[in-house]
Amino acid sequence: MSRLDQLAPDQSAVLSLLLRRRKTYADVAGLLGIEERAVHDRAHAALGMLAPRQAAELDAGSRGQIGDYLLGQQGAADATATQALLAGSAPGRTWARALNAELATLTTESLPRIPSEEQRKPTSASFGSTESAPAPAVERAGSRATEPPSSRRAGALLLVALAAVIVVAIVLITSGGGKSKDAGSTSTGSSTSKTSTSAAAQPHVDKRFTLKPPDSASKALGAAELLSQGKRRAFFLIAQGLTSSSSSSFYVAWLYNSPNSFKALGRGPTVTSSGTLRAVGALPANTGQYNRLILTRETSTKATHPGSIVLSGSFK
(Lines give C-alpha, C1' and ligand atoms only; values in the text may rest on other atoms or scores of the structure.)
Protein backbone atom coordinates (compact mmCIF):
# COMPACT_ATOMS: atom_id res chain seq x y z
CA MET A 1 0.00 0.00 0.00
CA SER A 2 1.28 3.46 -0.90
CA ARG A 3 1.98 5.85 1.96
CA LEU A 4 -0.42 8.26 0.24
CA ASP A 5 -3.24 5.84 1.01
CA GLN A 6 -2.36 6.04 4.71
CA LEU A 7 -2.67 9.82 4.95
CA ALA A 8 -5.62 11.42 6.72
CA PRO A 9 -8.26 12.51 4.15
CA ASP A 10 -7.73 16.23 4.79
CA GLN A 11 -3.97 15.89 4.25
CA SER A 12 -4.44 13.86 1.08
CA ALA A 13 -6.97 16.37 -0.23
CA VAL A 14 -4.67 19.33 0.33
CA LEU A 15 -1.74 17.64 -1.43
CA SER A 16 -3.88 16.68 -4.38
CA LEU A 17 -5.36 20.14 -4.76
CA LEU A 18 -1.93 21.75 -4.60
CA LEU A 19 -0.38 19.43 -7.18
CA ARG A 20 -3.22 18.31 -9.41
CA ARG A 21 -4.94 21.68 -9.66
CA ARG A 22 -1.72 23.67 -9.55
CA LYS A 23 -2.98 25.91 -6.75
CA THR A 24 -1.24 28.02 -4.14
CA TYR A 25 -1.76 27.66 -0.39
CA ALA A 26 -3.99 30.74 -0.52
CA ASP A 27 -6.06 29.31 -3.39
CA VAL A 28 -6.67 26.06 -1.54
CA ALA A 29 -7.52 27.91 1.67
CA GLY A 30 -10.19 29.86 -0.19
CA LEU A 31 -11.53 26.73 -1.85
CA LEU A 32 -11.85 24.82 1.41
CA GLY A 33 -12.82 27.73 3.60
CA ILE A 34 -9.93 27.33 6.05
CA GLU A 35 -6.89 29.41 7.04
CA GLU A 36 -3.91 29.49 4.69
CA ARG A 37 -1.67 28.38 7.55
CA ALA A 38 -3.91 25.33 8.06
CA VAL A 39 -3.35 24.38 4.40
CA HIS A 40 0.41 24.79 4.82
CA ASP A 41 0.50 22.75 8.02
CA ARG A 42 -1.57 19.89 6.61
CA ALA A 43 0.53 19.73 3.46
CA HIS A 44 3.81 19.65 5.40
CA ALA A 45 2.50 17.14 7.93
CA ALA A 46 1.62 14.92 4.97
CA LEU A 47 5.11 15.29 3.49
CA GLY A 48 6.59 14.24 6.79
CA MET A 49 4.44 11.11 6.77
CA LEU A 50 5.37 10.15 3.21
CA ALA A 51 9.07 9.74 3.95
CA PRO A 52 9.45 9.88 7.75
CA ARG A 53 12.84 8.15 8.00
CA GLN A 54 14.48 10.55 5.54
CA ALA A 55 12.69 13.55 7.07
CA ALA A 56 14.19 12.77 10.47
CA GLU A 57 17.66 13.52 9.05
CA LEU A 58 16.73 17.18 8.42
CA ASP A 59 16.00 20.14 10.67
CA ALA A 60 12.53 21.69 10.60
CA GLY A 61 13.68 24.74 8.63
CA SER A 62 15.18 22.65 5.83
CA ARG A 63 12.11 20.41 5.68
CA GLY A 64 9.86 23.45 5.39
CA GLN A 65 11.94 25.03 2.63
CA ILE A 66 12.24 21.81 0.63
CA GLY A 67 8.55 21.05 1.11
CA ASP A 68 7.49 24.43 -0.25
CA TYR A 69 9.78 23.88 -3.23
CA LEU A 70 8.42 20.45 -4.08
CA LEU A 71 4.85 21.70 -3.81
CA GLY A 72 5.62 24.58 -6.16
CA GLN A 73 5.00 27.29 -3.58
CA GLN A 74 8.19 29.30 -4.15
CA GLY A 75 9.04 32.10 -6.52
CA ALA A 76 12.12 31.99 -8.72
CA ALA A 77 14.51 33.46 -6.12
CA ASP A 78 13.38 31.16 -3.31
CA ALA A 79 13.40 28.13 -5.61
CA THR A 80 16.98 28.94 -6.65
CA ALA A 81 17.98 29.11 -2.99
CA THR A 82 16.34 25.76 -2.32
CA GLN A 83 18.14 24.18 -5.26
CA ALA A 84 21.41 25.41 -3.75
CA LEU A 85 20.39 23.91 -0.42
CA LEU A 86 19.63 20.58 -2.07
CA ALA A 87 22.87 20.59 -4.05
CA GLY A 88 24.82 20.86 -0.80
CA SER A 89 22.68 18.52 1.33
CA ALA A 90 22.72 14.78 0.71
CA PRO A 91 19.95 14.18 3.31
CA GLY A 92 17.90 16.90 1.67
CA ARG A 93 18.23 15.32 -1.76
CA THR A 94 17.40 11.89 -0.36
CA TRP A 95 14.20 13.17 1.26
CA ALA A 96 13.21 15.19 -1.80
CA ARG A 97 13.65 12.21 -4.12
CA ALA A 98 11.66 9.97 -1.80
CA LEU A 99 8.86 12.55 -1.76
CA ASN A 100 8.87 12.99 -5.53
CA ALA A 101 8.45 9.24 -5.94
CA GLU A 102 5.31 9.39 -3.80
CA LEU A 103 3.92 12.66 -5.17
CA ALA A 104 4.34 11.69 -8.83
CA THR A 105 1.04 9.79 -8.74
CA LEU A 106 -0.85 12.98 -7.82
CA THR A 107 -0.04 14.95 -10.94
CA THR A 108 0.50 14.58 -14.66
CA GLU A 109 2.89 17.56 -14.57
CA SER A 110 6.63 17.35 -13.98
CA LEU A 111 7.66 17.80 -10.37
CA PRO A 112 10.47 20.21 -9.43
CA ARG A 113 13.83 18.66 -10.23
CA ILE A 114 16.30 17.60 -7.59
CA PRO A 115 19.79 18.96 -8.41
CA SER A 116 22.85 16.76 -8.18
CA GLU A 117 25.71 17.45 -5.79
CA GLU A 118 27.77 19.05 -8.57
CA GLN A 119 25.10 21.65 -9.34
CA ARG A 120 26.16 24.07 -6.62
CA LYS A 121 25.12 27.23 -8.46
CA PRO A 122 21.83 26.77 -10.27
CA THR A 123 21.09 29.75 -12.44
CA SER A 124 17.33 29.61 -12.29
CA ALA A 125 14.44 27.65 -10.90
CA SER A 126 13.52 24.84 -13.25
CA PHE A 127 11.20 21.88 -13.28
CA GLY A 128 11.35 18.41 -14.78
CA SER A 129 14.43 16.83 -16.32
CA THR A 130 17.71 18.59 -17.05
CA GLU A 131 17.05 18.31 -20.80
CA SER A 132 13.94 20.45 -20.77
CA ALA A 133 12.04 22.81 -18.53
CA PRO A 134 8.30 22.23 -18.84
CA ALA A 135 5.69 24.46 -17.22
CA PRO A 136 5.76 24.64 -13.42
CA ALA A 137 3.79 21.95 -11.66
CA VAL A 138 2.06 24.52 -9.47
CA GLU A 139 0.86 27.94 -10.51
CA ARG A 140 2.35 30.94 -8.73
CA ALA A 141 0.50 33.24 -6.40
CA GLY A 142 -1.74 35.61 -8.35
CA SER A 143 -1.54 33.55 -11.54
CA ARG A 144 -3.94 31.11 -13.10
CA ALA A 145 -3.51 27.76 -14.79
CA THR A 146 -3.02 28.23 -18.52
CA GLU A 147 -5.54 25.54 -19.39
CA PRO A 148 -8.77 24.89 -17.52
CA PRO A 149 -9.36 21.26 -16.55
CA SER A 150 -11.61 19.18 -18.75
CA SER A 151 -14.95 17.99 -17.39
CA ARG A 152 -13.50 14.54 -16.81
CA ARG A 153 -10.51 15.92 -14.94
CA ALA A 154 -12.74 18.31 -12.99
CA GLY A 155 -14.78 15.33 -11.83
CA ALA A 156 -11.66 13.66 -10.52
CA LEU A 157 -10.66 16.84 -8.74
CA LEU A 158 -14.04 17.05 -7.08
CA LEU A 159 -13.51 13.56 -5.72
CA VAL A 160 -10.25 14.71 -4.21
CA ALA A 161 -11.98 17.69 -2.60
CA LEU A 162 -14.50 15.40 -0.97
CA ALA A 163 -12.02 14.37 1.68
CA ALA A 164 -11.82 17.97 2.82
CA VAL A 165 -15.59 18.13 3.21
CA ILE A 166 -15.19 15.98 6.32
CA VAL A 167 -14.21 19.13 8.22
CA VAL A 168 -17.39 20.96 7.17
CA ALA A 169 -20.40 20.97 9.50
CA ILE A 170 -23.27 18.71 8.46
CA VAL A 171 -25.85 20.55 6.38
CA LEU A 172 -27.92 17.65 5.10
CA ILE A 173 -29.53 15.15 7.45
CA THR A 174 -31.84 12.26 6.86
CA SER A 175 -35.52 12.91 6.34
CA GLY A 176 -38.23 10.29 5.82
CA GLY A 177 -38.32 10.81 2.03
CA GLY A 178 -40.29 8.63 -0.33
CA LYS A 179 -43.94 9.30 -0.82
CA SER A 180 -44.82 9.80 2.79
CA LYS A 181 -42.32 12.44 3.89
CA ASP A 182 -41.56 16.02 2.99
CA ALA A 183 -37.99 16.70 1.94
CA GLY A 184 -38.48 20.38 2.65
CA SER A 185 -39.06 19.69 6.32
CA THR A 186 -35.49 18.56 6.99
CA SER A 187 -33.89 20.40 9.89
CA THR A 188 -30.24 21.01 10.80
CA GLY A 189 -30.98 21.27 14.50
CA SER A 190 -30.07 18.69 17.11
CA SER A 191 -29.13 16.09 14.52
CA THR A 192 -26.26 18.22 13.24
CA SER A 193 -22.83 17.07 14.31
CA LYS A 194 -19.18 17.39 13.43
CA THR A 195 -17.01 14.60 12.12
CA SER A 196 -13.58 14.23 13.65
CA THR A 197 -10.66 14.33 11.28
CA SER A 198 -8.33 12.42 13.56
CA ALA A 199 -6.92 9.23 12.09
CA ALA A 200 -8.68 7.08 14.66
CA ALA A 201 -12.09 8.54 13.83
CA GLN A 202 -11.87 8.45 10.05
CA PRO A 203 -14.83 6.79 8.34
CA HIS A 204 -14.34 4.10 5.72
CA VAL A 205 -15.04 5.13 2.13
CA ASP A 206 -17.37 2.47 0.70
CA LYS A 207 -17.92 4.08 -2.68
CA ARG A 208 -16.80 7.11 -4.69
CA PHE A 209 -18.58 8.20 -7.85
CA THR A 210 -19.19 11.22 -10.05
CA LEU A 211 -22.47 13.04 -10.50
CA LYS A 212 -23.30 14.18 -14.01
CA PRO A 213 -26.09 16.33 -15.42
CA PRO A 214 -28.74 14.68 -17.64
CA ASP A 215 -28.45 17.71 -19.94
CA SER A 216 -25.14 17.65 -21.81
CA ALA A 217 -25.27 21.43 -22.14
CA SER A 218 -25.28 21.89 -18.37
CA LYS A 219 -22.13 23.13 -16.65
CA ALA A 220 -23.03 21.38 -13.41
CA LEU A 221 -20.70 18.69 -12.14
CA GLY A 222 -20.46 16.80 -8.89
CA ALA A 223 -19.02 13.90 -6.97
CA ALA A 224 -20.01 11.92 -3.90
CA GLU A 225 -18.76 9.43 -1.33
CA LEU A 226 -20.69 6.85 0.65
CA LEU A 227 -19.00 6.18 3.98
CA SER A 228 -19.42 3.99 7.02
CA GLN A 229 -18.13 4.25 10.57
CA GLY A 230 -19.26 1.40 12.78
CA LYS A 231 -23.00 1.13 12.34
CA ARG A 232 -23.30 4.66 11.02
CA ARG A 233 -23.44 5.45 7.31
CA ALA A 234 -23.20 8.82 5.67
CA PHE A 235 -22.78 10.54 2.33
CA PHE A 236 -20.60 13.46 1.30
CA LEU A 237 -21.50 15.48 -1.77
CA ILE A 238 -19.89 18.39 -3.57
CA ALA A 239 -21.24 20.08 -6.70
CA GLN A 240 -20.27 23.07 -8.77
CA GLY A 241 -21.73 24.99 -11.68
CA LEU A 242 -25.17 25.13 -10.06
CA THR A 243 -27.73 27.88 -10.49
CA SER A 244 -28.03 30.02 -7.38
CA SER A 245 -30.79 29.25 -4.92
CA SER A 246 -33.56 31.79 -4.46
CA SER A 247 -36.49 32.46 -2.18
CA SER A 248 -38.54 30.06 -4.31
CA SER A 249 -35.99 27.37 -5.17
CA PHE A 250 -33.63 25.03 -3.36
CA TYR A 251 -31.74 21.75 -3.83
CA VAL A 252 -32.58 18.32 -2.42
CA ALA A 253 -30.52 15.11 -2.42
CA TRP A 254 -32.34 11.81 -2.98
CA LEU A 255 -31.70 8.08 -3.16
CA TYR A 256 -33.37 7.08 -6.40
CA ASN A 257 -34.43 4.14 -8.56
CA SER A 258 -37.34 5.51 -10.58
CA PRO A 259 -40.11 8.12 -10.39
CA ASN A 260 -41.96 5.66 -8.16
CA SER A 261 -39.03 4.54 -5.99
CA PHE A 262 -37.03 7.18 -4.12
CA LYS A 263 -36.12 8.51 -0.70
CA ALA A 264 -35.27 12.07 0.23
CA LEU A 265 -32.02 12.59 2.10
CA GLY A 266 -32.57 16.24 2.83
CA ARG A 267 -32.61 19.80 1.67
CA GLY A 268 -29.26 21.34 0.84
CA PRO A 269 -27.81 24.66 1.95
CA THR A 270 -28.33 27.84 -0.02
CA VAL A 271 -26.28 27.97 -3.21
CA THR A 272 -24.74 31.39 -3.77
CA SER A 273 -23.39 32.98 -6.93
CA SER A 274 -20.32 30.71 -6.64
CA GLY A 275 -22.55 27.84 -7.80
CA THR A 276 -21.01 25.46 -5.28
CA LEU A 277 -22.81 23.13 -2.89
CA ARG A 278 -21.11 21.06 -0.19
CA ALA A 279 -23.20 18.72 1.92
CA VAL A 280 -22.90 15.73 4.19
CA GLY A 281 -25.57 13.74 5.96
CA ALA A 282 -26.76 10.42 7.30
CA LEU A 283 -27.83 7.50 5.12
CA PRO A 284 -30.78 5.25 5.97
CA ALA A 285 -30.39 1.54 6.67
CA ASN A 286 -32.09 0.62 3.38
CA THR A 287 -29.68 2.59 1.17
CA GLY A 288 -28.74 -0.64 -0.60
CA GLN A 289 -32.23 -0.83 -2.09
CA TYR A 290 -31.46 2.15 -4.31
CA ASN A 291 -29.19 2.50 -7.32
CA ARG A 292 -28.53 6.22 -7.67
CA LEU A 293 -27.92 9.43 -5.81
CA ILE A 294 -29.52 12.45 -7.42
CA LEU A 295 -29.61 16.18 -6.75
CA THR A 296 -32.76 18.01 -7.78
CA ARG A 297 -33.76 21.65 -7.98
CA GLU A 298 -37.10 22.18 -6.30
CA THR A 299 -39.54 25.05 -6.59
CA SER A 300 -42.29 23.63 -4.40
CA THR A 301 -42.24 24.40 -0.68
CA LYS A 302 -43.03 20.73 -0.03
CA ALA A 303 -40.90 18.50 -2.24
CA THR A 304 -42.62 15.15 -1.79
CA HIS A 305 -41.37 13.88 -5.18
CA PRO A 306 -38.08 14.55 -7.00
CA GLY A 307 -38.29 17.61 -9.20
CA SER A 308 -35.93 18.56 -12.01
CA ILE A 309 -32.81 16.37 -11.82
CA VAL A 310 -29.67 18.49 -11.88
CA LEU A 311 -27.06 15.80 -11.17
CA SER A 312 -27.20 12.02 -11.02
CA GLY A 313 -24.72 9.24 -10.27
CA SER A 314 -24.87 5.48 -9.88
CA PHE A 315 -23.28 3.90 -6.81
CA LYS A 316 -24.06 0.26 -7.63
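**Burial, rings and a helix**

Analyst: The model is a predicted one. In it, phenylalanine 209 has a relative accessible area of 6%, so this residue counts as buried.

User: Is phenylalanine 315 buried or exposed?
Analyst: Buried means under 20% relative accessible area. Phenylalanine 315 has a relative accessible area of 8%, so the residue is buried.

User: What kind of aromatic pair do phenylalanine 209 and phenylalanine 315 form?
Analyst: The structure holds two aromatic pairs. In the pair of phenylalanine 209 and phenylalanine 315, the centres are 5.9 Å apart and the planes are at 40°. Planes under 30 degrees apart count as stacked and over 60 as edge-to-face, so the angle of 40° makes this pair tilted.

User: How many residues apart are phenylalanine 209 and phenylalanine 315?
Analyst: Phenylalanine 209 lies in strand E1, residues 204-211. Phenylalanine 315 is in the segment after strand E8 (308-314). The pair links distant parts of the chain, and the separation is 106 residues.

User: What kind of aromatic pair do tryptophan 254 and phenylalanine 262 form?
Analyst: Tryptophan 254 and phenylalanine 262 are both buried. Their ring centres are 5.7 Å apart, with 80° between the planes. An angle over 60 degrees counts as edge-to-face, so this pair is edge-to-face.

User: Where do the buried residues of helix H2 lie around its axis?
Analyst: In H2, residues 25-32, the buried residues include Tyr25, Val28, Ala29 and Leu32. Seen down the helix axis, the buried residues fall within an arc of 105°, so they line one face of the helix.

Notes
Residues numbered from 1 in each chain as written. Predicted model: local features only at pLDDT ≥ 70, side-chain atom pairs only at ≥ 80, totals over all residues. Heavy atoms only, no water. Buried < 20%, exposed > 50% of the residue type's maximum accessible area, 1.4 Å probe, protein only. Helix = DSSP H or I, 4+ residues; strand = E, 2+ residues; numbered from the N terminus. Arc of directions from axis to C-beta. Phe/Tyr/Trp six-rings, centres within 6.5 Å; stacked < 30°, edge-to-face > 60°.
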